[in-house]
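Open your viewer and keep the selection tool handy. We will walk through a few stops together.

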Amino acid sequence: MKLSIEDAKKLVKLGGEFCEDSYIEFSEAAISAINNNSLIVKLKVHGKGRPRKRFSAYIGATSGEINISTGGNDQSVRFGEGAKGYYVLRMTGESKINIGENTTSNGTTIYTHDTGFRCGKDCMFSSEVLIQTSDQHAIVDLNTGDIINLNYSEVALGDHVWLGRRSTVVAGSSIASGSIVGTASVVSGLIPESVIIVGSPARIVRTNVTWSRDKHQLDDYSSNCLAR
């Protein structure tokens with residue numbers, strides 16, 4: 001169901017103004033979850049330049065709480081089918097966030113500014129996870145007066161990536177499918193598939209591994225990896 005922001009008020013806790021070119025689309029499962037109080041979606045405006053223009057979202061999540069704070073125009077958010085958990089999205093500039101289907105979170109905060117974040121299906125984020133696709137403030141070269149941190153690039157995760165508790169993923173990072181990020185690790189750069197990384201900065205400590213949601217048996221993803 002595709003609704004204007006005004007019409008979406010019956011499903012979303014709204015704060016702030018949006019232009020008529022903004023909308024939110026919901027899957028049937030998401031609408032059912034909202035009506036059953038198992039899913040809460042909050043959308044608010046922060047910063048200058050109101051009302052917001054060309055904001056769009058697709059909500060396919062089925063439980064948890066999604067908090068979206070928009071501080072710019074031309075922004076989009078997508079939660080794939082069956083996504084679950086707790087998310088805080090703080091977006092400025094032209095930003096895009098795409099959460100893959102069946103991805104879960106115990107508490108993830110995502111900051112974007114003129115860039116974005118995307119992850120594949122069946123990712124798992126623990127509590128106090130931070131994904132930082134850009135800096136919130138300028139870094140100035142005192143010799144030239146230039147701002148040296150204006151160029152950002154998105155953070156991208158493959159399928160079935162596990163981010164451990166209090167881990168941080170910084171701008172420009174890419175983590176390939178099946179990999180595991182240890183507790184309190186800080187990730188930057190390109191991480192290959194099916195590895196464990198730990199530390200600050202994170203480094204590879206084991207290769208040719210993946211993980212399963214069930215502690216005592218393989219899930220579909222890990223079973224399929226063995227079959228390759």
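In what sense do β10 and strand β12 pair, and over how many bridges? Select residues 124-125 for β12: β10 and β12 pair in the parallel sense, over 2 bridges. Strands here are DSSP runs of E with at least two residues, helices are runs of H or I with at least four, and both are numbered from the N terminus; two strands pair if DSSP finds at least two bridges between them. Click Thr104 to find its bridge partner in β12, Met124.

A word on the model: it is predicted, local features need pLDDT of at least 70, side-chain atom pairs count only at pLDDT 80 or more, and totals for chains, interfaces and linings use all residues. Residues are numbered from 1 along each chain as its sequence is written, and side-chain values use heavy atoms, leaving out hydrogens and water.

Next, select β10 (residues 104-113) with β8 (residues 84-92): these strands run parallel, joined by 8 bridges. Leu89 has Ile110 of β10 as its bridge partner.

From β13 (129-132), follow the loop towards β14 (155-157) and stop at Leu142. Is Leu142 buried or exposed? Leu142 counts as exposed because its relative accessibility is 81%; the cut-offs are under 20% for buried, over 50% for exposed and partly exposed in between, with a 1.4 Å probe and protein chains only.

Finally, zoom out to the whole protein, with its 2 helices and 22 strands. Of its 228 residues, 47% count as buried.
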